[in-house]
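Notebook open, structure loaded. I'm jotting down what I look up as I go, interfaces before details.

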Amino acid sequence: MLNVGKIEEGFVLDHIPAGKSLAIYHHLQLDKLDCTVAIIKNARSNKMGKKDLLKVECDINLIDMDVIAVIDHNITVNVIKNGEIVSKKELILPKEIKNIFKCKNPRCITSIEQELPHIFVLSDGKKEVYRCKYCEEKFDTRSFF
Amino acid sequence: MRHLITPLDFTTDELEKLFDLANDIENNKSKYSKICEGKILATCFYEPSTRTRLSFESAMLQLGGQVLGFSDAGSSSASKGESVSDTIRMISAYTDICAMRHPKEGSAMVASTAASIPVINAGDGGHQHPTQTLTDLLTIRSLKKRLNNFTIGLCGDLKFGRTVHSLINALVRYPDVKFVFISPEELRIPDYIIEMLKEKDIPFEEVIRLEDVMPKLDLLYMTRVQRERFFNEQDYVRLKDFYILDKAKMKLAKEDMLVLHPLPRVNEISIEVDSDPRAAYFRQVKYGVYVRMALILTLLELA
């Protein structure tokens with residue numbers, strides 16, 4: 001069993017579906033932060049069989065939690081202070097997501113007007129369906145992986 | 001200030017007022033002939049459309065107003081790389097109201113957020129075409145005397161046909177409307193519309209053969225398979241003549257069924273159907289001008 005040391009200040013993303021951690025790493029733009037990140041793949045899990053984890057040693061306020069909620073709101077976010085879990089962040093699907101994902105519809109106005117923000121609106125909370133604010137094209141959150 | 005970007009921008013009550021105004025214009029043209037004196041309509045058409053553009057221009061001219069604009073992207077600043085937002089800011093300084101057609105979906109919405117004048121979506125790619133929808137609704141209301149309790153068949157290109165998408169969005173707000181979608185597999189109605197109908201528990205069916213459903217229809221809305229929506233010419237050639245409405249098929253229909261078409265037609269309605277009293281598509285064109293006149297007056301707050 002591989003051991004990864006605990007972090008003092010930061011957060012841990014737990015219960016990431018196995019194999020999705022790298023995609024989340026990129027979508028959270030962790031590569032742009034100057035902090036320690038541990039990516040743990042295929043860890044054993046009683047609940048999921050296998051899971052991924054991300055341990056990040058930085059202020060959680062630097063991270064856009066909406067991204068995690070959109071990708072998979074079943075992911076657990078543990079906030080760490082002085083080496084201990086002090087709280088768990090609840091992930092709620094945002095009503096609107098801005099400039100995180102791009103509309104892939106080649107007929108959308110955003111495909112030619114570079115300055116426009118890419119905005120997706122939650123059109124069905126139960127089915128977790130987002131649609132482009134401009135062209136209403138359905139956005140498949142599973143398309144990241 | 002209001003815009004018209006989707007058919008849902010107006011409530012059904014507001015639409016009733018708009019249609020009453022359109023019918024009043026139809027019956028009392030001289031009463032409205034100078035009401036827009038001193039006002040200018042901009043027609044910003046980034047893709048070719050003779051019919052819709054002329055309908056808007058005719059509407060404004062019949063109201064006593066004036067018109068300026070462009071009729072393809074090549075003759076506008078878009079060819080120099082100007083954004084829709086910048087163009088509409090400039091147009092806002094020159095005119096009082098703007099009708100915009102653009103090949104990209106969501107373009108009219110972008111324009112409305114930057115404009116300081118009312119913006120009318122005259123078609124944004126394969127997405128929405130609300131003034132065609134208003135035309136369709138006014139035609140049905142004027143000729144059928146109701147906007148509820150009927151079965152409407154929508155036939156042809158249901159995938160890229162923006163007139164179809166807009167019309168469905170508008171009709172779901174009226175009670176007891178049933179939909180029959182008639183299309184080849186490749187041009188089926190988009191999934192988001194199917195989802196919406198299921199959620200609202202609105203009855204619909206999808207079929208391929210027009211003949212099978214003709215007897216049950218109160219309205220038949222024919223559409224053209226549009227070459228410009230295809231990336232692949234071979235697909236267009238294969239599908240363009242999939243449906244042809246002719247006298248033989250009309251024999252299967254109810255005596256009071258109406259045939260509508262947003263026009264222009266190519267081969268999908270045989271010219272032998274034109275003389276059938278149920279063919280309403282040329283009357284529809286007139287209603288298109290009346291409803292645009294009513295819309296211009298409403299958005300300029302002159303009605």
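**Chain A against chain B**

I started with the area buried between chain A and chain B, which comes to about 1600 Å², with carbon and sulfur atoms giving 51% of it. Buried area here is the accessible area (1.4 Å probe) that two parts lose on being put together, summed over both.

Ground rules before I go on: this is a predicted model, where local features need pLDDT of at least 70, side-chain atom pairs count only at pLDDT 80 or more, and totals for chains, interfaces and linings use all residues. Residues are numbered from 1 along each chain as its sequence is written, chains are lettered from A and ligands numbered from 1 in the order in which they are written, and side-chain values use heavy atoms, with hydrogens and water left out.

How many residues does each chain put into the contact? I get 18 from chain A and 21 from chain B, contact meaning heavy atoms within 4.5 Å.

Next I looked for salt bridges (a side-chain nitrogen of Lys or Arg within 4 Å of a carboxyl oxygen of Asp or Glu). The rule finds 2 across the interface of chain A and chain B. One that I noted pairs A:R131 with B:E195, the closest N and O atoms being 3.4 Å apart. By class, the side of chain A that touches chain B has 7 nonpolar, 2 polar and 9 charged residues. For those classes, Ala, Val, Leu, Ile, Met, Phe, Trp, Tyr, Cys and Pro count as nonpolar, Asp, Glu, Lys and Arg as charged, and the others, Gly among them, as polar.

**Inside chain B: two domains**

The domain assignment of chain B gives domain 1 (7-127 + 288-299) and domain 2 (131-285); such bounds come from an automatic or database domain assignment. I find the C-alpha centres of these two domains of chain B 25 Å apart.

Between them, 29 residues of domain 1 of chain B are in contact with 24 of domain 2 of chain B. The area buried between the two is about 2100 Å², and carbon and sulfur atoms give 54% of that. B:P7, B:F19 and B:R51 supply 26% of the area that domain 1 of chain B buries against domain 2 of chain B, more than any other three residues.

I looked up the one between the side chains of B:E16 and B:R141, which is 3.0 Å, N to O. On the domain 1 side of chain B, α1 (12-27), α2 (50-62), β4 and α10 (281-299) each supply at least two residues. The largest share, 8 residues, comes from α1(B). Helices (H or I, at least four residues) and strands (E, at least two) are DSSP runs, numbered from the N terminus.

**B:V291**

Is B:V291 buried or exposed? Buried, with a relative accessible area of 1%; the cut-offs are under 20% for buried, over 50% for exposed and partly exposed in between (1.4 Å probe, protein chains only).

B:V291 is in helix α10 of chain B. Leaving out residues up to four places away in sequence, its contacts include B:L18, B:F19, B:A22, B:T131 and B:L134. B:N23 is 268 residues away along the chain, yet the C-alpha atoms of B:V291 and B:N23 are separated by 8.3 Å.

**Helix α4 of chain B**

Last stop: helix α4 (residues 107-114) of chain B is mostly covered, with 6 of its 8 residues buried. Among them I listed B:V110 and B:A111. The buried residues of α4(B) pack against α3 (84-94), β3 (97-102) and β4 (119-124) of chain B.
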